[in-house]
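Please look through the sequence and the model below before reading on.

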Amino acid sequence: MRQARADEYAEFAMARAGHLYRSACLLTAGDTHLAEDLVQETLGRIYVRWGRVSRVGNPAGYAQTVLTRAFLAHQRRRSSTERATDAVPDRAADGGDLSLRLTLLQALARLPAKDRAVVVLRYWEDRSVEETADAMNASSAAVRTRCTRALGRLRELLGEDLGEYATR
């Protein structure tokens, strides 16, 4: 029984790790090291509770919620001695418009953590307002307000014509 549950968890973790990592990279505005740490923390928390999580109707959604909450908790406890950097690590380009990707990551990095989480959950993860509110332990009204403010801030940072970025 334990082996079957462990195998089920391993299959889930292998299937979802890539998606969790991409979401974590967006949440952390491109900090790949922190993204890896958040994914490991998320998978560790899910492993401990896998008996209950596996019975949930949507374990992938639960994993995204755990990831988001781990990110927000990290942002709250961040040491004042740490300094964020805007240097992007050297890595091979994996297709797409690299300058667009960097522009968007820089704009996301300039948003407060909760605003960034709202944008990622609503527009990258394509979650509803209610699902986003549940993942962030906030009300639907707070999510709508944060979303409006975050998109307004992104418009300020990227210019009024956001459609230019969407058509690339």
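## The chain as a whole

Helices (H or I, at least four residues) and strands (E, at least two) are DSSP runs, and they are numbered from the N terminus. Read from the N terminus on, the elements of the chain follow the order α-α-α-α-α-α-α-α-α, which comes to nine helices and zero strands. This is a predicted model, in which local features need pLDDT of at least 70 and side-chain atom pairs count only at pLDDT 80 or more, while totals for chains, interfaces and linings use all residues. Residues are numbered from 1 along each chain as its sequence is written, and side-chain values use heavy atoms, with hydrogens and water left out.

A residue is called buried under 20% relative accessible area, exposed over 50%, and partly exposed in between (1.4 Å probe, protein chains only). Of the 168 residues in the chain, 38% are buried.

## Helices H1 and H2

Helix H1 (residues 2-27) packs with helix H2 (residues 32-48) at an angle of about 145 degrees, and their axes are 9 Å apart. Axes here are lines fitted to C-alpha atoms, for helices over the stretch in contact, and the angles run from 0 to 180 degrees between N-to-C directions.

On the H1 side, the residues that make the contact include Tyr9, Phe12, Leu20 and Tyr21, and on the H2 side they include Val39, Leu43, Ile46 and Tyr47. Sorted by class, this contact has 13 nonpolar, three polar and one charged residues. In this sorting, Ala, Val, Leu, Ile, Met, Phe, Trp, Tyr, Cys and Pro count as nonpolar, Asp, Glu, Lys and Arg as charged, and the others, Gly among them, as polar.

## The second largest pocket

On a 1 Å grid over the protein atoms alone, a pocket is an open set of points with protein on both sides within 12 Å along at least five of seven lines, and its lining residues have an atom within 4 Å of a point. The second largest pocket has a volume of about 160 Å³, where a volume is the space filled by probe spheres set on the points.

The lining includes Arg69, Leu72, Lys114, Val118, Asn137 and Arg146, and by class it has seven nonpolar, one polar and four charged residues.

Thr68 lies in helix H4 and is buried, because its relative accessible area is 0%. Not counting residues up to four places away in sequence, Thr68 touches Leu27, Ala117, Leu121, Ala135 and Met136.

His74 also lies in helix H4, and with a relative accessible area of 17% His74 is buried. Leaving aside neighbours within four places in sequence, His74 is in contact with Leu34 and Leu38.

## Two partly exposed residues

Ser139 is found in the loop between helix H7 (129-136) and H8, and its relative accessible area of 42% makes it partly exposed. Ser139 and Val129 are ten residues apart in sequence, and their C-alpha atoms are 9.1 Å apart in space.

Arg144 lies in helix H8 and is partly exposed, with a relative accessible area of 44%. Arg144 and Val118 are 26 residues apart along the chain, and their C-alpha atoms are separated by 8.9 Å.

Definitions and conventions
1 Å grid on protein atoms, 1.4 Å probe; cavity = no way out; pocket = protein on both sides within 12 Å on 5 of 7 lines; lining within 4 Å. Contact = heavy atoms within 4.5 Å.
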